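I opened this notebook page to look up charged side-chain pairs and the parts of the chain that they connect.

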Amino acid sequence: MSKLKRLDVSNNDLNNLPPQLALMDDLNSLAVEGNPLRAIRREIIAKGTVAIKEYLQLKLSPEDVEVSGPTIPDIQPDEIMLQTKTLEVDRKTTFSDELWDQALVCGIVRLSMQHCGLTVIPEQVVNLRGCLQELELGSNNLHQLPPEIGKLVKLRKLNLLNNNLKELPAECSSLVALEDLNLGQNKFEEIPECLYSFPAVCNLIISNNQIKSVEPAKLRTMTSLVCLDLENNNLGRLPPELSLIPNLRTLLVLGNRFKIPRADVLAKGSAEVLAWLKNKVPQS
């Protein structure tokens, strides 16, 4: 969410803040009160957003600051790529140096490499960190992501549908602008821990995996989350506390092991399911 202006993560269980928040130029309101932020002194938090961002700026690594990418090649840009800001190489298996040079020169914001048989992400993808906002890597053969994926700090959309991923590297927590994440049809047995560091994720698809349980308390820290797709997993229980995720409007949970709520409740849609769950939350 590169244009995010206000972020409120107050009264959660955050132990730290990603330094990359300091790179979000449009962020002018950051509310973090009520969290156990041990690394940031109270007087800094009390001074407000500017002071917090200045503190986080000091914690940035050289790799974080270097978002502009490598030197731009001195070549004539491809007119179509320059206009669309998109490179689509779906179902291709070879990618020339000239193609990557054009992607840099044209400053593409969207890259689609689906059905390419990829077992690793080409290193040239990370070179696009100064401009890339959407990355489509669906239907490949990825078993893991490189730590360098965390350098793509401008990403707003990441599609990893239909791969062989079991986990995400901790460096993914640097993807603070990410809004849409598709992890469907992989081999996750739990929701990756780094996802709870994503302040801007609105849509999280993690259907058709092997998720056995979820932790509502951690999911509640994802204050921008609007849609959570957990269909066709291995959930034995649907915690009522999922209804307390602040902005959640769509909850998809068909195709799991749990028997309660019953199928007739699920068939009525997300609003009915969330209302049913909320009614089951234990009263303190």
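Which residue forms a salt bridge with R110, and how far apart are the closest N and O atoms? The model I am reading is a predicted one, and in it I find R110 paired with E134, with 3.8 Å between the closest N and O atoms. I noted where the two residues sit: R110 belongs to strand β4 (residues 110-112) and E134 to strand β5 (residues 134-136), so this pair ties together parts that lie 24 residues apart in sequence.

I then looked up the total, and the structure holds nine salt bridges.

My next entry concerns K212, which forms a salt bridge with E189 at 4.0 Å between the closest N and O atoms. This pair links distant parts of the chain, since K212 is in the loop between β8 (203-205) and α7 (216-219), while E189 is in the loop between β7 (180-182) and β8, 23 residues apart. I also checked accessibility: K212 is partly exposed, with a relative accessible area of 47%, and E189 is partly exposed as well, at 44%.

I turned next to E193, whose salt bridge with K218 has its closest N and O atoms 3.0 Å apart. Here the link runs from the loop between β7 and β8, where E193 lies, to helix α7, which holds K218, and the two residues are 25 residues apart. For K218 I recorded a relative accessibility of 27%, which counts as partly exposed.

Finally, I went back to R110 and E134 and found that salt bridges with shared partners join them with E88 and R156 into one network.

Definitions and conventions: Residues are numbered from 1 along each chain as its sequence is written. This is a predicted model: local features need pLDDT of at least 70, side-chain atom pairs count only at pLDDT 80 or more; totals for chains, interfaces and linings use all residues. Side-chain values use heavy atoms; hydrogens and water are left out. A salt bridge is a side-chain nitrogen of Lys or Arg within 4 Å of a carboxyl oxygen of Asp or Glu. Helices (H or I, at least four residues) and strands (E, at least two) are DSSP runs, numbered from the N terminus. Buried means under 20% relative accessible area, exposed over 50%, partly exposed in between (1.4 Å probe, protein chains only).
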